[in-house]
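Visitor: I am new to this structure and would like to be shown around. Please put it in view, and I will ask as we go.

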Amino acid sequence: MQGVCVPILCVCICVTVLLRSAISQPRSESDTYTECTDGYHWDPQTEHCKDINECETIPDACKGEMKCFNHYGGYLCLPRSASLIPAPEPPITPAQPLNPCPLGYEPQGNSCVDIDECERHEHDCQPSQECINSVGAFTCQCPDGYRKVGTECVDIDECRYRYCQHRCVNVPGSFSCQCEPGFQLAGNNRSCIDVNECEMGAPCSQRCYNTYGTFLCRCDQGYELGPDGFECKDIDECSYSSYLCQYQCVNEPGKFSCVCPEGYRLLGTRMCQDINECETGEHECTETQNCVNIHGRYQCVDKNSCQEPYIQVSDNRCVCPVSNPACRELPFSIVHRYMSITSERSVPSDIFQIQATSVSARAYNTFRIRSGDENGDFYIRQINNISAMLVLARAVSGPREYTLELEMVSINPLVNYQNNYQTSSALRLSIYVGPYTF
């Protein structure tokens, strides 16, 4: 009987080697001694030597970061990360008759045949090892994923060797690879390949773009991405600016549209244009009336607008005959004109030019507003002897209507040397101010 201490990989492995006769040799009835080899003690109940658990009986059997593992007749000091399956106590077999064959063989008839210790469980391989039978003997091997430390099989931490592209998870005897979110294991179970989330039902409400390891949600024109990064919300373009439409902006899902008031139509996408009802026939003027288009609507005026003592000489011209005494203090002729302007027009603004159609030689002409401008919203700027400009002096808002009587006074000194001969003609101008600035 002897004890042996074998250092393996800087690990002290203490093993007590037993003599076969201490356990398996039969005792005769006259044997009364109860001595056992080191590492064993006598068990009176079974009348055999039983292993001593030194890890429990020896205080601090292993030092430092080493862990104590009990072993038959001794103990092992291994790293705490070691995975060890302790072997049960060896079975006590009854005494066998004398075997005339070599070790590892048994007699069969007149010859010796090999004993399959692995099949008969007559080996001393640890539970963590695999028994491999050979001729006349057997060997103990560690399964894949384990390495032999002394007589035990310890798990190999494959993750220390970076077998995985992303994450490695070590398990007893093996390992598994895992991928980061947005990736999946390739066919080799080690590499990670990108996952196309857009083809796998990504929660984008409109458009999805796959990127390396993740994905992005995008929205169609007229929408914006919500705080969750997935849902698209309509953009209310009308709330951002008051200049998108000339009149009114109407928000719609993913877009907006411009509308115009009654009497106008959309020009392009945002401007409003007056509808000329007189040209389109959308008026209700009678045959005795003329249709006058104005901003946003129309006006029906009588074709014969001449009043006594005037007589009509054309559609819009009335003349007061000089032979009629009632005409002496009145303008010789009155011409009717109609026009329309927008609200809040910039001022001063030229809006109408007055032009004399017939002028006597050496006559001197002046222009004035005879009536209709009680608030002083207009004034006359004379250009030359035969023309003048009506100017809007103050910004006005509609709808509103003015009827101005503009007069041209002509003085001809050649007609009467003692008393200058003075004549006048008038322009009766109806001005309609539209309700909008367009």
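Visitor: Are cysteine 245 and cysteine 258 buried or exposed?
Guide: This is a predicted model, in which local features need pLDDT of at least 70, side-chain atom pairs count only at pLDDT 80 or more, and totals for chains, interfaces and linings use all residues. Residues are numbered from 1 along each chain as its sequence is written, and side-chain values use heavy atoms, with hydrogens and water left out. A residue is buried under 20% relative accessible area, exposed over 50% and partly exposed in between, with a 1.4 Å probe and protein chains only. By that rule cysteine 245 and cysteine 258 are both buried.

Visitor: What is the handedness of the disulfide of cysteine 245 and cysteine 258?
Guide: A disulfide is a pair of cysteine sulfur atoms within 2.5 Å, and cysteine 245 and cysteine 258 are joined at an S to S distance of 1.8 Å. The torsion about their S-S bond is about -75°, so the disulfide is left-handed.

Visitor: How many residues apart are cysteine 245 and cysteine 258?
Guide: Helices (H or I, at least four residues) and strands (E, at least two) are DSSP runs, numbered from the N terminus. Cysteine 245 sits in the loop between β20 (232-234) and β21 (248-252), while cysteine 258 belongs to strand β22 (residues 255-259). The pair links distant parts of the chain, and the separation is 13 residues.

Visitor: How many disulfides does the count come to?
Guide: Another disulfide joins cysteine 62 to cysteine 77, S to S 2.0 Å. By the sulfur distance rule, the count comes to 20 disulfides.

Visitor: Why does the pair of cysteine 62 and cysteine 77 tie together separate parts?
Guide: Cysteine 62 is buried, as is cysteine 77, and their link is left-handed with -85° about the S-S bond. Cysteine 62 lies in the loop between α2 (54-57) and β5 (66-71) and cysteine 77 in strand β6 (residues 74-79), so the parts tied together are 15 residues apart in sequence.

Visitor: Is cysteine 208 buried or partly exposed?
Guide: Cysteine 208 forms a disulfide with cysteine 198, their sulfur atoms 2.0 Å apart. Cysteine 198 has a relative accessible area of 27% and is partly exposed. At 26% relative accessibility, cysteine 208 is partly exposed.

Visitor: Which residues does leucine 390 touch?
Guide: Contact means heavy atoms within 4.5 Å, and residues up to four places away in sequence are not counted here. Among those that leucine 390 touches are Ser349, Asp350, Ile369, Tyr379, Leu404 and Leu429.

Visitor: Which residues are closest to the centre of the second largest pocket?
Guide: A 1 Å grid is laid over the protein atoms alone; a pocket is an open set of points with protein on both sides within 12 Å along at least five of seven lines, a cavity is a set where a 1.4 Å probe fits but cannot get out, and lining residues have an atom within 4 Å of a point. Points are joined across faces, edges and corners, and a volume is the space filled by probe spheres set on them. The second largest pocket has a volume of about 1,000 Å³. Of its 42 lining residues, the closest to the centre are Phe332, Ser333, Met408, Ser424 and Ser425.

Visitor: How many charged residues are in the lining of the largest cavity?
Guide: The largest cavity has a volume of about 40 Å³, and its lining includes Ile294, His295, Arg297 and Tyr432. Ala, Val, Leu, Ile, Met, Phe, Trp, Tyr, Cys and Pro count as nonpolar, Asp, Glu, Lys and Arg as charged, and the others, Gly among them, as polar. The lining divides into 5 nonpolar, 3 polar and, as charged, 1.

Visitor: What share of the residues in the protein chain is buried?
Guide: The secondary structure of the chain comes to 4 helices and 35 strands. Of the 438 residues in the protein chain, the buried share is 31%.
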